[in-house]
Amino acid sequence: MDDSFLLIDMNNANLENFSKIKDYYIYLCHLFTLHHEFSSKDYILFNYHDLFQTPLQPLRDNLQSQTYECFEEDLIKYDLYQKAIEKALNNFKTKGKLSLAASQSNMIIEDKRDISKSNTNKRILNAYVLGAGRGPLARRLINAAIDSGFLIGEDIYITCVEKNRNAFNSLLYLQLCEPELFLKVKMLNADMRDFKPDQKVDIVISELLGSFGDNELSPECLIGIQNYLNEDSIMIPHSYTSFIRPVSCPVVWSGVKYILIFIKIKKVDNNYQSPYVILLNKAYYPIEKVEECFSFVHPVKNKDLNQIKSIHFKFDKESIIHGFAGYFKTNLYDDVEISIVPDSHTPTMMSWFPMYFPSIVRNHLFIIL
Ligand SMILES: C[S@@+](CC[C@H](N)C(=O)[O-])C[C@H]1O[C@@H](n2cnc3c(N)ncnc32)[C@H](O)[C@@H]1O
């Protein structure tokens, strides 16, 4: 037999029963055909099942180069950003009174950042990548601009702002290694909250989102730039919303205690009052539907960014709840979205795992109908 296993019925191992083994074998082969084939992504994700990760805080901490490297591998995220940027640029082309130099001649690009030298009647777009990291969003902006017929430094000025000095060095290195793409891009090592652009801003591109949407302080970081927007300026992402649902996950919940031992916090309760990023696997959701939690639309209208939400969950079965699972969805621009909400998860995207908010120690919620 061409197989990887052999079934033997030890109680009745005589010749007659070998024909039965064949039946078992055929049935097992059938079961294997029903199992979906593992992709390389499944193998990567397997290692993250129920693994606790502390949510990143890129505003407070400078991220390591390998963290940026992980981000940059998630191509689908950047593909969608590029699509959104292209749509935004095309919006300016149709409504923004642009006359693109690229469509007029094959002229050699000069840097016309010196405004006194440039033609004042011509609208030149000012695009900012805020929190540029090592440059993947700037690269996608450049690709989108070139594909949409813009000349960099002529029809569009691009500026990258990054506060992490190490990541900023990588941006400078891009200018050395790929001058044809990045030499015309202005690189600034600054905190975007203090940053005052010298001209009005047309497009703001950022990716400051966490597993629960705003938990990496995207609204707080971006609010300052709003003072420099034109009437038709576009911010990408345009909006984001977090979602939540109760989860029953005894193994994961117990695991929260062990983080205590690992990081030597004295009070167990503190451990249970912190969210974790976890690819929840040993988990059961008594309510499938997620409920909307916090939403932000850019530019934000209300400068007070605090939000409180009361959510009612309707249970139709008895359950024990060990906390809540959190997700987010973002509208980048127009109809381009990125989501980690289970029923609309962006295919193959791995940049964000769900957020887990454990219920407080010794206080599971028993739902009794
Ligand atoms: C989630 S990372 C994304 C980086 C990059 N856009 C990418 O896709 O790889 C967020 C970046 O924003 C930067 N950042 C966060 N807050 C910032 C601030 N207030 N001013 C400037 N950069 C900031 C971080 O250092 C980090 O590089």
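The questions below concern a helix, the ligand shell, the core and some backbone angles.

Modeller: The model is predicted; local features need pLDDT of at least 70, side-chain atom pairs count only at pLDDT 80 or more, and totals for chains, interfaces and linings use all residues. Residues are numbered from 1 along each chain as its sequence is written.

Colleague: Is helix H6 largely enclosed or exposed?

Modeller: Helices are DSSP runs of H or I with at least four residues, strands are runs of E with at least two, and both are numbered from the N terminus. A residue is buried if 20 or more other C-beta atoms, placed from the backbone, lie within 10 Å of its own, exposed if 12 or fewer, and partly exposed in between. Helix H6 covers residues 136-147, and its buried residues include Arg139, Arg140 and Leu141. Nine of its twelve residues are buried, so H6 is largely enclosed.

Colleague: Which element gives the most to the shell around the ligand?

Modeller: The shell has 22 residues, with Gly131, Gly133, Lys163, Asn164 and Met192 the closest; a residue belongs if its C-beta atom, placed from the backbone, lies within 6 Å of the ligand. The elements giving two or more residues are H3, H6 and E2. With three residues, the element that gives the most is H3.

Colleague: Which residues have the most contacts inside the largest nonpolar core?

Modeller: A nonpolar core is a set of buried Ala, Val, Leu, Ile, Met, Phe, Trp, Tyr and Cys residues joined through C-beta atoms within 7 Å. The largest has 76 residues, and at least three come from each of domain 1 (52-60 + 241-367) and domain 2 (65-240), with bounds from an automatic or database domain assignment. The residues with the most contacts inside this core are Leu141 and Ile236.

Colleague: What is omega for the peptide bond from Ile236 to Pro237?

Modeller: Most peptide bonds are trans. Pro237 is placed in the loop between strand E5 (229-236) and strand E6 (239-246). The bond from Ile236 to Pro237 is cis, and its omega is near 5°.

Colleague: What is the phi of Asp334?

Modeller: Most residues other than glycine have a negative phi. Asp334 lies in the loop between strand E10 (323-333) and strand E11 (336-339), and it counts as partly exposed, with 16 C-beta neighbours inside 10 Å. Its phi is positive, near 55°.

Key
Expected span 1.5 Å × (residues − 1).
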